[in-house]
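Please read the points below with the sequence and the coordinates open beside you. They are meant as a colleague's working note, taken one feature at a time.

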Amino acid sequence: MTMHSSHPDIIARLKRAHGHLAAVLTMFEQGRSCLDLAQQLHAVESAVGNAKRELIHDHMEHCLVEGGEPTRDTLKELKQLTKYL
């Protein structure tokens, strides 16, 4: 797989999610409140979701659209990607 210009941003998002997840584990060990835990888990979920969305949008733009006229394989791949949105 080639590196796209959006990949550094996606990596940064995933590192943030990793940090949030590590914080959640520590918070569980510390016996923090369910409200605090839910808030941090939401941050993890949001960061991963944003990274996934950026990756899919980037792939659609660079690998599918810039390839020229859509082919049957391109459309098949696009349909497969939509299940991850």
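1. Helix H1 (residues 7-30) supplies the largest share of the nonpolar patch, namely three residues. Leu-41 is found in helix H2 (residues 34-65), and with a relative accessible area of 40% Leu-41 is partly exposed. The areas come from the Shrake-Rupley method with a 1.4 Å probe, and for residues only the protein chains shown count as cover.

2. Some notes on provenance belong here. The model is a predicted one, in which local features need pLDDT of at least 70 and side-chain atom pairs count only at pLDDT 80 or more, whereas totals for chains, interfaces and linings use all residues. Residues are numbered from 1 along each chain as its sequence is written, and side-chain values use heavy atoms, with hydrogens and water left out.

3. As to the overall fold, the protein has three helices and zero strands, so that the order of elements from the N terminus reads α-α-α; helices (H or I, at least four residues) and strands (E, at least two) are DSSP runs, numbered from the N terminus. The radius of gyration of the protein is 17 Å, well over the 12 Å that the globule rule gives for 85 residues, so the protein is more spread out than a compact globule. That radius is taken over C-alpha atoms, and the rule is 2.2 Å times the number of residues to the power 0.38. The C-alpha trace spans about 55 × 25 × 15 Å along its principal axes.

4. How much of the protein is buried? Buried residues account for 21% of the 85 residues, where buried means under 20% relative accessible area, exposed means over 50%, and partly exposed lies in between (1.4 Å probe, protein chains only). The protein exposes about 6,400 Å², of which carbon and sulfur atoms supply 59%. Among contacts between residues at least 6 apart in sequence, 52% join residues at least 24 apart, a contact meaning heavy atoms within 4.5 Å.

5. Helix H1 has 24 residues and reaches 34 Å from its first C-alpha to its last, close to the 34 Å expected at 1.5 Å a residue; the expected span is 1.5 Å times one less than the number of residues. Within H1, the buried residues include His-7, Ile-10, Ala-17, Val-24 and Met-27. H1 is followed by Gly-31, whose phi is positive, near 75°.

6. Side chains of opposite charge can pair when their charged atoms come close. The structure holds two salt bridges, each defined as a side-chain nitrogen of Lys or Arg within 4 Å of a carboxyl oxygen of Asp or Glu. Asp-9 pairs with Arg-13, the closest N and O atoms being 3.1 Å apart, and both residues lie in helix H1, four residues apart, about one turn of the helix. Asp-9 is partly exposed at a relative accessible area of 34%, and Arg-13 is partly exposed at 21%. Arg-32 forms a salt bridge with Asp-36, with the closest N and O atoms 3.4 Å apart; Arg-32 counts as partly exposed at 39% relative accessibility, as does Asp-36 at 24%.

7. Some separations along and across the chain can be checked directly in the viewer. Glu-61, found in helix H2, is partly exposed with a relative accessible area of 46%, and its C-alpha atom is separated by 17 Å from that of Pro-8, 53 residues apart along the chain. Leu-78 is found in helix H3 (residues 72-82) and counts as partly exposed at 28% relative accessibility; the C-alpha atoms of Leu-78 and Ile-56, 22 residues apart along the chain, are separated by 9.4 Å.

8. Met-3 lies in the segment before H1 and is exposed, with a relative accessible area of 58%. Met-3 and Thr-71 are 68 residues apart in sequence and 23 Å apart in space, C-alpha to C-alpha.
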